[in-house]
Amino acid sequence: MIPIKDQTGIARMREACAVAATVLDILKPLVRPGITTQDLEEVGRDAMRRLGAKSACFGYQSGSRRYPAHTCISVNEEVVHGIPSLKRVLKEGDVVSLDVVVEYNGYIGDNAFTVAIPPIKPKVQKLLTVSREALDLGIQQALVGNHIGDIASAIQKHVEKNGFSVVRDLVGHGVGVRMHEEPEVPNFGRPGTGPRIKAGMTFAIEPMVNLGTYKTKCLSDGWTIVTTDNSPSAHFEHTVLTTARGPEILTIPRPI
Ligand code: MF3
Ligand code: CO
């Protein structure tokens with residue numbers, strides 16, 4: 001069952017997502033040579049506290065493990081779920097994906113953005129541009145009456161047309177009172193397949209795009225997902241509300 005949010009749920013989703021977007025916006029300009037991913041983590045953690053929100057990642061349980069940080073920061077060949085560390089000093093050319101998921105008033109906002117530290121290779125710039133465009137194209141398919149496969153296929157087509165690959169092992173998701181709700185929102189698939197979209201659904205649409213192979217594996221820390229060929233990866237994500245008037249991106253910074 002895909003949850004449909006009522007007016008109260010929608011209002012709360014708007015607030016949680018605005019907070020998530022505000023925290024992400026605080027982090028983006030701090031991505032510079034010499035900063036550690038632990039520094040970014042601490043800024044993110046403090047911003048969430050200040051805004052009255054909790055990290056939905058901290059303590060998040062997967063099997064017997066609990067995620068140990070408040071943000072996910074994934075560098076270069078790390079696709080998602082990178083654990084911030086004092087040992088990871090950022091440098092020129094790094095591709096840094098920031099993923100911020102907050103809980104505010106019982107609702108979850110989920111968003112991610114990838115920043116590269118100049119100078120970067122043209123191919124890496126293209127990876128970021130295409131991934132960002134793929135997110136926009138996916139969001140444009142989040143229309144009442146469409147199917148989840150329409151979102152998936154729009155993302156996959158744009159990425160592959162440009163010579164990159166979409167990750168298969170992880171997918172976007174419904175989001176609301178829990179971080180992961182139904183349905184799965186893959187970044188690959190065929191138009192007209194999967195659940196039908198109705199008004200009042202909230203999805204985290206999140207293309208994970210690799211410069212090389214789509215194949216990934218998990219590191220021995222139990223969390224960090226990396227590309228198997230060590231090629232760089234990008235990740236852009238918005239939480240989106242479906243309405244009769246079209247998709248509404250909720251993860252936009254605004255005062256609440
Ligand atoms: N945006 C990620 C997701 O949707 C956040 C994961 S948080 C973690 O899966 F706790 F699993 F790291
Ligand atoms: Co997500």
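This is a short tour of two ligand sites in a predicted model.

Residues are numbered from 1 along each chain as written, and chains are lettered from A and ligands numbered from 1 in written order. Local features need pLDDT of at least 70, side-chain atom pairs need 80 or more, totals for chains, interfaces and linings use all residues, and side-chain values use heavy atoms, without hydrogens or water.

**Stop one: ligand 1.** Select ligand 1 and its shell. There are 14 surrounding residues, with a heavy atom within 4 Å. Cys 57, Asp 99, Asp 110, His 173 and His 180 are the closest. The shell holds seven nonpolar, three polar and four charged residues; Cys counts as nonpolar, Asp and Glu as charged.

**Stop two: its polar contacts.** These are N or O pairs within 3.5 Å. Show Asp 99: a polar side-chain atom is 2.7 Å from a ligand 1 nitrogen. Then pick His 180, with a side-chain N or O atom 3.0 Å from a ligand 1 oxygen. Alone, ligand 1 exposes 330 Å², and the protein buries 96% of that (Shrake-Rupley, 1.4 Å probe).

**Stop three: the cobalt ion, ligand 2.** Select Asp 110 (OD), His 173 (NE2), Glu 206 (OE) and Glu 237 (OE): these protein donors lie 2.1 to 2.3 Å from the cobalt ion. Donors are N, O and S atoms within 2.8 Å of the metal (3.2 Å for Na, K and Ca); water is absent, so sites may look incomplete. In sequence, the donor residues follow D-x62-H-x32-E-x30-E.

Note on methods: Polar contact = N/O pair within 3.5 Å; in protein donor to acceptor, adjacent residues only side chain to side chain.
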